[in-house]
There are 2 protein chains.
Amino acid sequence: MDAEEFRRRGKEMIDYVAEYLENVEQRPVYPDLEPGYLRSLIPSEAPLEPESYEDIMKDMERVIMPGITHWHSPYFFAYFPAASSYPAMLADMLSTAIGCIGFSWAASPACTELETVMLDWLGKMLQLPESFIAGTDGQGGGVIQGTASEATLMSLLAARCKAVRRVQTYTSDKSEVEIFSQLVAYTSEQAHSSVERAALIGGVMIRKVPTDSNYAVRGDSLKKMVEEDKAAGLIPFYVCATLGNGENMWMHIDAAYAGSAFICPEFRPLLNGIEFADSFNFNPHKWLLVNFDCSAMWVKKRTDIIGAFKMDPLYLKHENQESGGHWQIPLGRRFRSLKLWFVFRMYGLQGLQAHIRKQVALAKEFESLVRADKRFEICAEVVLGLVCFRLKGSNELNQNLLKKITNSREIHLVPCQLSGRFVLRFVICARTTESRHIQQAWQHITQLTFELLDVLRSAVKVLHFMHVNELWNPCESAMLIHK
Amino acid sequence: MDAEEFRRRGKEMIDYVAEYLENVEQRPVYPDLEPGYLRSLIPSEAPLEPESYEDIMKDMERVIMPGITHWHSPYFFAYFPAASSYPAMLADMLSTAIGCIGFSWAASPACTELETVMLDWLGKMLQLPESFIAGTDGQGGGVIQGTASEATLMSLLAARCKAVRRVQTYTSDKSEVEIFSQLVAYTSEQAHSSVERAALIGGVMIRKVPTDSNYAVRGDSLKKMVEEDKAAGLIPFYVCATLGNGENMWMHIDAAYAGSAFICPEFRPLLNGIEFADSFNFNPHKWLLVNFDCSAMWVKKRTDIIGAFKMDPLYLKHENQESGGHWQIPLGRRFRSLKLWFVFRMYGLQGLQAHIRKQVALAKEFESLVRADKRFEICAEVVLGLVCFRLKGSNELNQNLLKKITNSREIHLVPCQLSGRFVLRFVICARTTESRHIQQAWQHITQLTFELLDVLRSAVKVLHFMHVNELWNPCESAMLIHK
């Protein structure tokens, strides 16, 4: 394919993409197929000679689209939002075309520098403390990671490195691995699995701090645990949480989803205490209209995180060494800050705030619908775009309801567990979700609930009839079930 | 920006991208600016209200392009190739538009399944042993990682996990951290820094095995080191190399750049011995026309690598659990296999082989030019697209030559170190590099060499004149320099 053909095919692709996104709500949001479906639809080997472009695009509808869970359908309420906007898509095309691999300043100065400045812009939008802003001579600053998992891992590794150095200054005979075996990290028992994973990768112990009735870690629970561990000869060194601490530990705050909301003054208080953190992370690729991947991470001291991996071979050395630096697990990286630049400028801060506020209002709208129905309950305070709810009743009942929802393929939800209870998560995800989608989703859920409860009611009626007519004995039945 | 405007702007962007790539050779390949150049060119905060799209695109030329190192210029011979092709770019647009986050099978079945099948296609193109192919019931299989660094880290972590389990089966009283402190990984002293980094992250010792005169690790050097370490009570568990071993160690083979060439039968012998490896990795995003990021990794036993991180929270559980799985450091991931699919089909195996062969021929052409000039020497056998060469003479001389080349901005090279010698690396990078670019690059290098040597000659002549006329004494001069 030469540039000429690319011009033609590229423009067709733009139309295809626009058409897909405009009409995605007409597709079933969740695929109806079994694992392994794809292998039988395409050859088992690559073609020897080129195929036609038309055939490939035909296969998009034949092979790929039936297997897509449509994250940008306004009927997708599962997991968390995957941000998407047209300006971000245009910027991504540019990033792909420029195709520089930004592993050092010299490898493409604009790539490194725009990233630092965009993270300053974003940090200011969030009103982060000055200590996190790079500016021209700050010690802190931001960097784009692929995902929050990588940010968590990087912060844990930096903390580990710092802890080892600190311990070695007063006990110089201890080896690094010896110190590793005494380090303990802490996180909330409600935290994302990526924290546990980071500790596993870094080869350090991790302890889960119990949460209170609001699913939040209380300072005294953490403190108690830390005291116990110190008494047992261990070295507390890292906490991934939402609380301050004074224990010489690195504190990382992960607000992967919620972080975007902090650009609105009314939600910013949720970030209070950030001044005590050493590092902070959230994902613009979740809720700030910047397509995946773009996870924003700030640290107070850049040298902490760069120092954790200082080993630059000759081919990465250049005259302006200090301007780049490796803040990530991967060495190479795309020119991702272009997406931030385009989105910030095309929306403006006010446009981004409007997006967040609209989605929070939609969540509140759904919450009211749930609260108005006596059969249901809300399971956690609705603060942003996530509504946790369930049918009053057993976990099995709610599992059955979710199964009906999933199989219907009209809307898509996933569950979570809160204090041992099976809970349905309803998240406002797609940029294009409107009130009518919320209303229709609720109508659909209540219709499926009616069907589910109707079946149960009929079954109960039959059993009641059999029981009063001595055709059935509940005790015998229980025995039958357990056979 | 709505769909209508996106259709218009998207088509303009396609033209911009085509124009950029068609004419990139007319831009200076390396930027002429100082670190920090960008900050003063743009505001220090994000705009409150939306800006116009025209202004943003104007800034592409004003702010961004002057700071780009043009990796796709045919005069770019630095680092390694960053693959790029039009079919991959089109596929990337699709991937962005679909925007699914593929962390499990259910999160988008097509994303998980196409990846497995494409890695089978690619594995067959490389004639990998059957044990690496997933098929419908194989134990092995492939996965796309972001970079080779991540693949190396994943293989090391899987090996660490396996080693701990093995040791614990015969010494059940040993704790995990205790075992960690005895594990040793090995790699070639010539290996990429990512191996050392992976060991650092994983908290295990690493030893560098010396190489022979061909910069290759010899089996007996490794064996000797392993025996020493075992005698010292350590546990050898991982080797990242290009050689077989029989020591119960995990062997990972990283062929980040070279791997693409193995689709040509004449280069495939370079991969002999792969049957002894546990995992293998190379980067289609380097040399196989698939834009970054796309690093292909295969393992013989998928369970080894999935088992290293088994911790699935409820929101990731679904009925077809085993079809997905976390083989990566990040949890979320883009739909990257679409790029492979488009490229394999639009080029066909023969088209990809032709690309590799053409670039190897260009490297050979450059090698001949170097060999024909008595002032230069070739420093390592030219096997694929990389030519290591230098001026016969001191490291300083070669450093000066490289500095002249870098400052001229007509071509771009980076150095490496081989046995303490400063060497210039000339890599065939851009897809569009032709013979005329090679000829012109060489002409440019010899011109700069002439200028450099001319200055030196003049200086020597002056000094000689002064010396014979007793105006200058070399011994005094040496003293002056050291003052």
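Colleague: Is Ser279(B) buried or exposed?

Modeller: This is a predicted model, so keep that in mind throughout. Buried means under 20% relative accessible area. Ser279(B) counts as buried because its relative accessibility is 0%.

Colleague: Where does Ser279(B) lie in the fold of chain B?

Modeller: Look at strand S6 of chain B, residues 279–282. Ser279(B) is in that strand.

Colleague: Which side chains make a polar contact with the side chain of Ser279(B)?

Modeller: Look for N or O atoms within 3.5 Å. The side chain of Trp250(B) is one partner, at 2.8 Å. The side chain of His252(B) is another, also at 2.8 Å.

Colleague: Leaving aside neighbours within four places in sequence, which residues is Ser279(B) in contact with?

Modeller: Trp250(B), Met251(B), His252(B) and Ile253(B) are among them.

Colleague: Now the interface. How many residues of chain B are in contact with chain A?

Modeller: Count both sides. Chain B puts 142 residues in contact with 142 of chain A. Together the two chains bury about 12800 Å², with 68% of that on carbon and sulfur atoms.

Colleague: How many salt bridges does the rule find across the interface of chain B and chain A?

Modeller: The rule finds 14. Arg39(B) and Asp120(A) meet in a salt bridge through their side chains, 2.9 Å from N to O.

Colleague: Which element gives the largest share of the side of chain B that touches chain A?

Modeller: Helix H1 of chain B, residues 3–23, supplies 16 residues. By class, that side of chain B has 84 nonpolar, 30 polar and 28 charged residues.

Note on methods: Residues numbered from 1 in each chain as written. Chains lettered and ligands numbered in written order. Predicted model: local features only at pLDDT ≥ 70, side-chain atom pairs only at ≥ 80, totals over all residues. Heavy atoms only, no water. Helix = DSSP H or I, 4+ residues; strand = E, 2+ residues; numbered from the N terminus. Buried < 20%, exposed > 50% of the residue type's maximum accessible area, 1.4 Å probe, protein only. Polar contact = N/O pair within 3.5 Å; in protein donor to acceptor, adjacent residues only side chain to side chain. Contact = heavy atoms within 4.5 Å. Buried area = accessible area lost by both parts, 1.4 Å probe. Salt bridge = Lys/Arg side-chain N within 4 Å of Asp/Glu carboxyl O. Nonpolar A, V, L, I, M, F, W, Y, C, P; charged D, E, K, R; others polar.
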